[in-house]
Amino acid sequence: MLAAWLITTHGGSAHAAALGPCDIYGNTGTPCVAAHSTTRALYASYDGPLYDVARFSDSKVKKIGLLTTGGYANAAAQDAFCKNTVCMITRIYDQSPLHNDLTVEGSGGNGHADVGARADALPVVVDGHAVYGLLVFAGVGYRNDKTIGVATNGQPEGMYMVTSGTHVNGACCFDYGNAEVNNDDNGNGHMDAINFGTECWFAKCYGTGPWVQADMENGLFASNEGVSEDTANTGNTSPFVTALIKNNGQNAMAIKAGDATQGLLSTTFSGGEPVVNGGGYSPMHQEGAIVLGTGGDNSNGSIGSFFEGVMTAGFPTDATDNEVQANIVSVGYGGATGIVGNLKSNAEISLLTQSPCCQDYYLSHQGSASTAAVIAPVATGNATEAADATWIVRPGLANATCLSFEARNRPGDYLRHYNFQLMRESYDGTSQFEEDGTFCPVKGNDGSGKSFQSFNYPTKFIRDYNYNVYVAGDGGTNAWDTTIGFPNDSSWTVKAPLSP
Ligand code: AHR
Ligand code: AHR
């Protein structure tokens, strides 16, 4: 009765799904042996911590837990603890009874010791709750080399993670899964991990990625031949991606990918284990360590995003995979916060220019990897243009009393200036980016609306000029500093988000 009530009242409500992904795996005979998330409980009954944050100011550590049993991360507790300082995520708890927690990875055969992720670098929304994902840069990695219950030496296993298609690169190796216990490359088949990125190890791959592949050591496999056999698999670029692999350890594996916010998983490969690349993958030789964010030998040039992930004992059925994907979709990653049209933290907004030329032009980006901001009209019914003109207000990356603008459709990407031009770029963890990406709202320079003062160049304001956008002074050496039109061009009307 209670379960039915939870199901029927679910949807944007305060409570979580009636079952977590690990309940689904457990009910179908392939229990979780690792369950990691910074955003939510992965069992309906879980009420322990999700992760630890350590703050720079005094090195104190705090466990960040849940708002309710089986619910979502208590991000407000992190915000309070980390106020006026910087926190790093130092431990990600395993919610399974096996306690295979991840801590910051030590040095390995191909990488110096890693560091933790900055705790507030990837604000997102899940089921209407503001939470934080884990933003991995080159040199960030987590690991556990002494696990219990994780598959070794040809035992079957499955795993998935929720990641992002907007924050990726082609360096080795943004992985989550089974790896070597000594942080080194111990040969083919000694890894069985999900890889997500744009590295095409065995050409051919189709499109530009990023692709879900299996890192089985000394290769990122799209199939048992290495190469992609799925011409339709051009990659998964959506803001939230479900990436799944499973391997029975002896002779069968599958790779699946999908949008974590809608629809079903696509099977991009299902068949045998690799016999190419010198062999050694069939049967497998997994060692049972768990890696997150790097390759098996701690190759750590890759970037990526992590929201949740699990590993199972046993080879999950396709029906179970589908049920887990439905569960992930049901919690609404990236959904709206409900705060709209104002400059409060986590509000979604669009910014209309007050330039007389362009009265229905909005501050927009244009979707490619790193892009200049523009002002542009938004055609009615054009969802892409609407999303490109929608921003989420975040506490200023360099100073929380000011603000930063995150792209609605690209988690982890912010507006920042570079050579005084406004760009939408992936946050890179540097203080230069943080300062370039922080703006302080003041009354509009033309007497109405708002102007946004550059944090590190306080005489400059966000201004459109010739349809591009800059930080500009009221007079100065750059063309866009012209005093003509400055008051209107540097004033903006804060509107309800075009893409809610
Ligand atoms: O298999 C790809 C990578 O190759 C592994 O992650 C790493 O251990 C090795 O360098
Ligand atoms: O936009 C002005 C400066 O240009 C930025 O502060 C810096 O990132 C770049 O050199």
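Ala-372 is partly exposed, because its relative accessible area is 22%; in the predicted model described here, buried denotes under 20% relative accessible area, exposed over 50%, and partly exposed the range in between (1.4 Å probe, protein chains only). Ala-372 belongs to strand β23, which spans residues 371-372; strands (E, at least two residues) and helices (H or I, at least four) are DSSP runs numbered from the N terminus. The C-alpha atom of Ala-372 is separated by 9.6 Å from that of Tyr-418, 46 residues apart along the chain. Tyr-418 is in turn one of the residues around ligand 2.

The model is predicted, and local features need pLDDT of at least 70, side-chain atom pairs count only at pLDDT 80 or more, and totals for chains, interfaces and linings use all residues. Residues are numbered from 1 along each chain as its sequence is written, chains are lettered from A and ligands numbered from 1 in the order in which they are written, and side-chain values use heavy atoms, with hydrogens and water left out.

An N or O atom in the side chain of His-417 is 2.5 Å from an oxygen atom of ligand 2. For Gln-432, the separation between a polar side-chain atom and a ligand 2 oxygen is 3.2 Å, and for Arg-416 the corresponding value is 3.4 Å. Ligand 2 taken alone exposes 290 Å², of which the protein buries 83%; these accessible areas come from the Shrake-Rupley method with a 1.4 Å probe, and for residues only the protein chains shown count as cover. Two or more residues of the shell come from each of β27 (413-418) and α6 (431-436). The greatest contribution is that of β27, with three residues.

Ligand 1 is surrounded by 14 residues, the closest being Asp-215, Glu-217, Asn-218, Gly-219 and Asp-297. The shell is made up of five nonpolar, five polar and four charged residues. From Gly-219, a polar backbone atom lies 2.8 Å from an oxygen atom of ligand 1. The protein buries 94% of the 280 Å² that ligand 1 exposes when taken alone.

The largest nonpolar core contains 82 residues, and those touching the most other members are Val-53, Leu-134, Tyr-142, Tyr-160 and Tyr-176. Such a core is a set of buried Ala, Val, Leu, Ile, Met, Phe, Trp, Tyr and Cys residues joined through side-chain atoms within 4.5 Å. Strand β8 (residues 129-136) gives the most to this core, namely five residues. A separate core of 20 residues includes Cys-358, Ala-373, Leu-422 and Phe-452.

Six disulfides are counted, a disulfide being a pair of cysteine sulfur atoms within 2.5 Å. With the bonded cysteines of the protein chain numbered in sequence order, the pairing is 1-2, 3-4, 5-6, 7-8, 9-10, 11-12. In the disulfide of Cys-82 and Cys-87, the sulfur atoms are 2.1 Å apart, the link is left-handed with -105° about the S-S bond, and both Cys-82 and Cys-87 are buried. The sulfur atoms of Cys-172 and Cys-173 are 2.0 Å apart; the torsion about their S-S bond is about -95°, so this disulfide is left-handed. Cys-172 counts as partly exposed because its relative accessibility is 22%, whereas Cys-173, at 2%, counts as buried. Cys-357 and Cys-358 are joined with their sulfur atoms 1.9 Å apart, in a left-handed link with -95° about the S-S bond. Cys-357 is exposed, at 57% relative accessibility, while Cys-358 is buried, at 1%.

Key. Near = heavy atom within 4 Å. Polar contact = N/O pair within 3.5 Å; in protein donor to acceptor, adjacent residues only side chain to side chain. Nonpolar A, V, L, I, M, F, W, Y, C, P; charged D, E, K, R; others polar.
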